[in-house]
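The sequence and the structure are shown first.

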Amino acid sequence: MLRKLRITLAVIMILLITLLFVGVGYGISYEVGQGIDRWTGWAAKIQFIPALLSLPYVVVAIIIALTLIFGRIYCSVICPLGIMQDIYSWLGGKFKKNRFSYVKEHKWLRYTICVIFFACLIFGLAPVTTLLEPYGNYGRIVTSFYLRNITLSIIAWVVMLILGVLAFLYGRAYCNSICPVGTLLSLFSRFSAFRIQFDESKCKHCGLCEKNCKARAIDAQAGKVDYSRCVVCGDCTAQCKFDALHYTTKRPAPAPVEPDQGRRSFLVGAALATSAAAMAQVEMKVDGGLAAITEKQTPKRETPPTPPGSASARHMQQHCTACQLCVSACPNHVLRPSTDLMHFMQPTMSFEVGYCRPECTRCGQVCPTGAIQPITKEEKTAIHAGHAVWVKDNCVVLTDGVSCGNCARHCPTGAIQMVEYQHNGQAVMIPAVNESRCIGCGACENLCPSRPFSAIYVEGNTVHQKD
């Protein structure tokens with residue numbers, strides 16, 4: 001019964017989360033102006049780290065309370081990455097049954113990683129938190145199937161391959177040795193009210209429960225369960241032929257406990273180091289089948305702009321899990337994963353294929369962590385996320401002698417005006433930017449005819465200002 005209930009809830013949850021990412025990515029909606037996140041967005045907001053990064057902490061308190069009552073059910077029925085590993089493990093069981101055995105808890109490894117992760121979360125060190133946070137990893141895996149981003153795909157598929165191999169061969173090895181959320185919840189699950197208990201009067205020590213425990217937390221010979229690693233999947237109770245295992249609050253008589261030498265030998269490990277190489281995907285397009293069009297290239301920005309609603313680059317860095325939900329939701333393809341090491345895979349704005357339209361507020365609507373706060377259309381037009389910078393050497397007015405003014409014509413705030421400029425003894429009109437009116441939407445950069453680099457581009461504001 002426990003196993004069937006867990007599977008039912010897990011299937012519902014992973015379908016909701018997957019549908020959220022896929023639906024947002026493809027713009028699925030049930031009625032005009034209402035995205036699918038209206039119906040499934042709550043599934044992302046009950047994930048542990050997104051809830052921890054947003055306010056208030058009600059969801060975090062509920063998850064901890066559930067763990068104290070029922071054990072680590074979060075890892076079995078709420079966390080999509082945990083559910084995905086169960087699927088891999090189930091597939092592994094089709095090739096080899098009864099393949100697990102009890103192993104001792106690797107305390108030095110799991111607690112070292114946990115301490116490093118939460119320290120990096122506090123100080124906003126994105127590479128470590130991005131690669132270890134479970135919900136964000138699952139989001140990147142799903143979005144890698146339809147987002148055309150080489151770096152995202154490489155990272156997502158490498159993570160998926162590693163998790164697949166670990167789960168296929170060793171069950172919940174990632175959850176119980178690496179995952180910081182699993183480690184943190186294990187501190188509470190040790191004291192859970194409901195837990196898997198041995199009935200010594202019925203147990204024959206056949207070892208079937210141990211061989212089918214994907215958490216490798218059951219020592220059948222000793223009749224013990226490591227509740228810090230047990231994810232309450234119910235596989236052991238389903239396999240027991242003697243009805244010797246029960247999920248109950250009843251406690252067996254306490255046994256003498258030997259000193260825990262592992263705690264004394266706990267060492268703080270070295271921080272994780274990551275590196276990523278950005279690869280450019282080049283495609284040839286033609287204008288009417290006659291002339292080749294040179295693709296625009298991303299300019300080098302001193303401060304990459306972050307979406308309106310993110311308040312500041314620091315706020316984004318500290319709160320974003322890089323799950324790619326906002327990247328998927330962006331209808332204008334302005335948001336993309338950053339390859340900068342300090343903001344690794346977190347969204348940044350770039351305007352080669354579109355610009356941030358003043359009427360669009362999708363990213364703030366779908367963000368589950370509060371990294372991008374929900375804002376109204378009116379509020380968005382008053383937020384200065386960046387400012388335009390004119391590059392004299394790239395402007396077609398000065399290089400080709402043509403009259404342009406495209407940037408000024410399409411600026412939605414009127415921040416760009418054409419002014420007279422003497423060039424080679426002739427009076428030409430060039431753009432001048434009023435930074436106090438510029439909101440950093442990128443319309444000027446996107447619609448500038450200069451290629452491969454625009455003659456005007458957006459620099460981000462470290463702290464967003466409001467009118």
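## Backbone features in loops

Pro452 is located in the loop that links α23 (443-447) to β14 (456-466); helices (H or I, at least four residues) and strands (E, at least two) are DSSP runs, numbered from the N terminus. The peptide bond leading from Arg451 into Pro452 is cis, and its omega is near 0°.

The model is a predicted one, in which local features need pLDDT of at least 70 and side-chain atom pairs count only at pLDDT 80 or more, while totals for chains, interfaces and linings use all residues. Residues are numbered from 1 along each chain as its sequence is written, and side-chain values use heavy atoms, with hydrogens and water left out.

Asp243 has a positive phi, near 55°, although it is a residue other than glycine. It belongs to the loop between α15 (235-239) and β6 (245-248). With a relative accessibility of 43%, Asp243 counts as partly exposed; buried means under 20% relative accessible area, exposed over 50%, and partly exposed in between (1.4 Å probe, protein chains only). Gln324, also not a glycine, has a positive phi near 75°. Its place is the loop between α17 (313-319) and α18 (325-329), and Gln324 is buried, at a relative accessible area of 3%.

## Overall composition

The chain contains 23 helices and 14 strands. Of its 467 residues, 51% are buried. Among contacts (heavy atoms within 4.5 Å) with a separation of 6 or more, 73% join residues 24 or more positions apart.

## Helix α11 and its surroundings

Helix α11 covers residues 150-170, and its 21 residues should span 30 Å at 1.5 Å a residue, which agrees with the 30 Å between its end C-alpha atoms. The expected span is 1.5 Å times one less than the number of residues in the helix. At the start of α11, a side-chain oxygen of Asn149 comes to within 3.2 Å of the backbone nitrogen of Thr151. After the helix comes Gly171, which has a positive phi near 70°.

The buried residues in α11 include Thr151, Leu152, Ile155, Val159, Leu163 and Ala167. Among the elements covering the buried residues of α11 are α7 (80-95), α9 (126-132), α10 (134-143), α12 (173-177) and β9 (335-337).

## Packing of α10 against α11

Two packed helices are described by the angle between their axes and the distance between the axes. For α10 and α11, the angle is about 115° and the axes are 9 Å apart; axes are lines fitted to C-alpha atoms, for helices over the stretch in contact, and angles run from 0 to 180 degrees between N-to-C directions. The crossing of α10 past α11 is left-handed, a term that applies if the near helix is turned anticlockwise from the far one by less than a right angle.

On the α10 side, Asn137, Arg140, Ile141 and Thr143 take part, and they meet Leu152, Ala156, Val159 and Met160 of α11.

## Nonpolar cores

A nonpolar core is a set of buried Ala, Val, Leu, Ile, Met, Phe, Trp, Tyr and Cys residues joined through side-chain atoms within 4.5 Å. The largest one has 79 residues, of which Phe21, Phe48, Tyr74, Leu81 and Leu325 touch the most other members. Helix α1 (residues 2-25) supplies the largest share of this core, with 8 residues. Apart from this core lies another, of 18 residues, including Phe198, Cys203, Ala215 and Ala217.

Beyond its neighbours within four places in sequence, Leu81 is in contact with Pro134, Asn137, Tyr138, Ile141, Leu163 and Tyr174.

Arg110 lies in helix α8 (residues 107-123) and is buried, its relative accessible area being 0%.

Val428, in strand β13 (residues 426-433), is buried with a relative accessible area of 15%. Its C-alpha atom is separated by 8.2 Å from that of Gly401, 27 residues away along the chain. Excluding neighbours within four places in sequence, Val428 is in contact with Val397, Leu398, Val419, Glu420, Tyr421 and His423.

Terms used
A polar contact is a pair of N or O atoms within 3.5 Å; within protein, one must be able to donate a hydrogen and the other to accept it, and residues adjacent in sequence count only if both atoms are side-chain atoms.
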